[in-house]
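Trainee: Let us go through this model term by term. I will ask what stands behind each word.

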Amino acid sequence: MEQAVFKALVKEFRDEGWLKDTNNVYVEEQLGIFLLIVGHNARNRVCQDRFQHSGETISRYFRKVLKACLKLSERNISPPDLSHTPDQIRNSSRFYPAFKDCIGALDGTLVHAIIDRDNQVPYRGRKGDCMQNVLAGGKELPMIRASCRRPLETLPNCSHCPPPRKYYLVDAGYTNKRGFLAPYRNVRYWLGDYRGRATPQNKEEVFNQLHSSLRNVIERTFGVWKARFPILKRMASYPFDVQVRIVPATMAIHNFIRKKKLHDSLFEQFQSTTVDEDHSTEQLFPQVRPENDQIEMNRVRDEIASQLVSRR
């Protein structure tokens, strides 16, 4: 983390009163303990040596900062402006006006979890490790977090759900239905498929290529987030409720850096990078028989594809 970012975080926590200096540990040190743990996946003993405090003191301030980060998350993890077309689309003739009703990208990602042996079955991933399944959305690298448990579309009165005619971009693992625009199935999609001379051959491939290029923002967002916080890839053995809270806490710091437009080398590294999807996320939207809203969304997709081809 850049020094300017660290200083800005300290100021935010101190000014809001979420963290306070104590006789022995200033806010800077409290935040340093937390960031060493989540940003370097350092264990308690390493922090004891680094900061010359007892294990109990390290644990206590870790939890204090975690609680403060959750307060930060209430401010910095929020639904997108559902009336605003992202600048990445509005300012690009490649995407606008075809994708003018897009409000962001949505996908699931896996965060490593430590679960006691008797309760591991519901958390088992495809590769055998236990995982939290996190549904999140991104728009130009800030991110929102919708749910660790249920599909976004099943949440009652969900403030993240798109209004009529608006939609999130989702991958082929999700149902193409109202509010969620998926690519054509059984058609080349991943950006790697179009590298070199493999140009799109029909309107479905033209649509899929541009859809993938836009949706890659969420893959880059996940890439920055997990690169900054390695604890998400190999969680420490905290109680599970603490593991769950680490997810929005680290997202809050991620969004804080982005929204404050602070210089950050990780954002610069991933901003212009195409991230290949690892296809490891669990499907959060079940596939069902076509319904009216699916038929309508298929029509919207066909209209966009035809519009894109007509401009070529």
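**Cores and a helix crossing**

Mentor: Start with Leu 9. Beyond its neighbours within four places in sequence, Leu 9 is in contact (heavy atoms within 4.5 Å) with Met 1, Leu 31, Leu 72, Ile 253 and Phe 256. This is a predicted model: local features need pLDDT of at least 70, side-chain atom pairs 80 or more, while totals for chains, interfaces and linings use all residues. Residues are numbered from 1 along each chain as its sequence is written, and side-chain values use heavy atoms, without hydrogens and water.

Trainee: Which residues touch the most other members of the largest nonpolar core?

Mentor: Leu 9, Phe 13, Phe 34, Phe 62, Trp 225, Ile 246 and Ile 253, out of 53 residues. Such a core is a set of buried Ala, Val, Leu, Ile, Met, Phe, Trp, Tyr and Cys residues joined through side-chain atoms within 4.5 Å.

Trainee: What makes helix 4 oblique to helix 7?

Mentor: The axes of helix 4 (residues 55-76) and helix 7 (residues 240-259) cross at roughly 55° and come within 8 Å. Under 35 degrees is roughly parallel, over 145 roughly antiparallel, 65 to 115 roughly perpendicular, and the rest oblique. Therefore helix 4 is oblique to helix 7.

Trainee: How do the residues of that contact divide?

Mentor: Into 12 nonpolar, three polar and four charged.

Trainee: Why is Gly 173 called partly exposed?

Mentor: Its relative accessible area is 25%. Buried means under 20%, exposed over 50%, partly exposed in between (1.4 Å probe, protein chains only). So Gly 173 is partly exposed. Gly 173 is in the loop between strand 4 (167-169) and strand 5 (180-181).

Methods
Axes fitted to C-alpha atoms, helices over the stretch in contact; angles between N-to-C directions. Helix = DSSP H or I, 4+ residues; strand = E, 2+ residues; numbered from the N terminus. Nonpolar A, V, L, I, M, F, W, Y, C, P; charged D, E, K, R; others polar.
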